[in-house]
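Me: I have a protein chain open on my screen and I'd like to talk it through slowly. Could you help me read it?

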Amino acid sequence: MKNTMMNYLERTRRTILRVACVTAMIGTLGVGTAYAAVTLEGAKSVALADAGVAESEVVFTEVKEKQEKKEAAKYEIEFYTDEAEYEYEIRKSDGAILEVKMELFHGERSQQRSANSTSGTYISVDDAKEIVLKRAGLSESEVRFKKAKLDKDDGIMVYEIEFYHGRNEYECTVDASTGKIIEYDVEIDD
């Protein structure tokens, strides 16, 4: 637990330094500089950099774009490492972090997670997306994802994935441990 807290404090220190450097760089660019909207991949990179972890160290549980009435478009990025679970809200227009939640795993939760699955790990959300896209005969560039979230269903961890292609809405459930498609539904969205 002491090492976990020290790692967290070190990552926090690095994040503060990064923010200071970015702020200084923005100041040298001048006010009024136009910024391009951040992509979903860019938002994932922002969250990983802020958490101080590499993509190879995490499992994404939710990666989606969200826009509510009277709010700017944003991305919701959720992932976990061996030590903690992270939730980010990142503004689409400029990549600013709007909200961060981080929960350290305690020994009991880590043991429970590994006891509930044979390998202790799940496929990534990107792998689950790839599996359902292959089943649909589509590529990622042809679709718009609505939802890709890790959830518990009937005692097993699954990815709930929803996406659009044209007027078709796809709803799929993928076993997070095996990658097997449990549910696959396509209907015309009207």
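Reply: What follows goes from the overall layout to the helices, the core and the rings. This is a predicted model, in which local features need pLDDT of at least 70 and side-chain atom pairs count only at pLDDT 80 or more, while totals for chains, interfaces and linings use all residues. Residues are numbered from 1 along each chain as its sequence is written, and side-chain values use heavy atoms, with hydrogens and water left out.

Me: OK, how many helices and strands are in the protein chain?

Reply: The protein chain has four helices and eight strands, where helices (H or I, at least four residues) and strands (E, at least two) are DSSP runs numbered from the N terminus. Along the sequence they come in the pattern α-α-β-β-β-β-α-α-β-β-β-β.

Me: And what share of the residues is buried?

Reply: Of the 190 residues in the protein chain, 35% are buried; buried means under 20% relative accessible area, exposed means over 50%, and partly exposed is in between, with a 1.4 Å probe and protein chains only.

Me: Let's take H4. Which of its residues are buried?

Reply: Val-125, Ala-128, Lys-129, Val-132, Leu-133 and Ala-136 are the buried residues in H4. They cover an arc of only 135° around the axis, so they are on the same side of H4; the arc is that of the directions from the helix axis to the C-beta atoms.

Me: Why would residues a few places apart point the same way?

Reply: An α-helix has 3.6 residues a turn, so residues three or four places apart point the same way.

Me: What's on the face of H4 turned away from the buried side, and what does the buried side pack against?

Reply: The face turned away carries the exposed residues Glu-130 and Lys-134. The buried residues of H4 pack against H2, S1, S5, S6, S7 and strand S8 (181–188), and contact here means heavy atoms within 4.5 Å. After H4 comes Gly-137, whose phi is positive, near 70°.

Me: Now H2. What span should it have?

Reply: With 12 residues at 1.5 Å a residue, H2 should span 16 Å, and its end C-alpha atoms are 17 Å apart, which agrees; the expected span is 1.5 Å times one less than the number of residues. Buried residues in H2 are Ala-43, Lys-44, Ala-47, Leu-48, Asp-50 and Ala-51. These cover an arc of only 165° around the axis, which puts them on the same side of H2. H2 is followed by Gly-52, which has a positive phi near 75°.

Me: Changing topic: which residues touch the most other members of the largest nonpolar core?

Reply: That core has 38 residues, and Phe-60, Ile-77, Phe-79, Tyr-88, Tyr-159, Ile-161 and Phe-163 touch the most other members. A nonpolar core is a set of buried Ala, Val, Leu, Ile, Met, Phe, Trp, Tyr and Cys residues joined through side-chain atoms within 4.5 Å.

Me: Which element gives the most to this core?

Reply: H4 does, with five residues.

Me: And how many aromatic pairs are there?

Reply: The structure holds seven aromatic pairs, where rings of Phe, Tyr and Trp (its six-membered ring) pair if their centres lie within 6.5 Å, and planes under 30 degrees apart count as stacked, over 60 as edge-to-face and the rest as tilted. One of them joins Phe-145 and Phe-163, a tilted pair at 5.5 Å centre to centre with 55° between the planes. This pair links distant parts of the chain, as Phe-145 is in strand S5 (residues 144–153) and Phe-163 is in strand S6 (residues 156–165), 18 residues apart.

Me: Are Phe-145 and Phe-163 buried or exposed?

Reply: Phe-145 is buried, and Phe-163 is buried too. Elsewhere, ring pairs link Phe-60, Phe-79, Tyr-86 and Tyr-88 into a cluster.

Me: What sits over the ring of Phe-145?

Reply: The charged end of Lys-129 does, 4.4 Å from the ring's centre. A charge sits over a ring if NZ of Lys or CZ of Arg is within 6 Å of the ring centre and within 35 degrees of the ring normal. The charged end of Arg-135 likewise sits over the ring of Tyr-184, 4.0 Å from its centre.

Me: Last one: where is Lys-70?

Reply: Lys-70 is in the loop between S1 and strand S2 (74–80). It counts as exposed, at 90% relative accessibility, and Lys-70 has a positive phi of about 60° although it is not a glycine.
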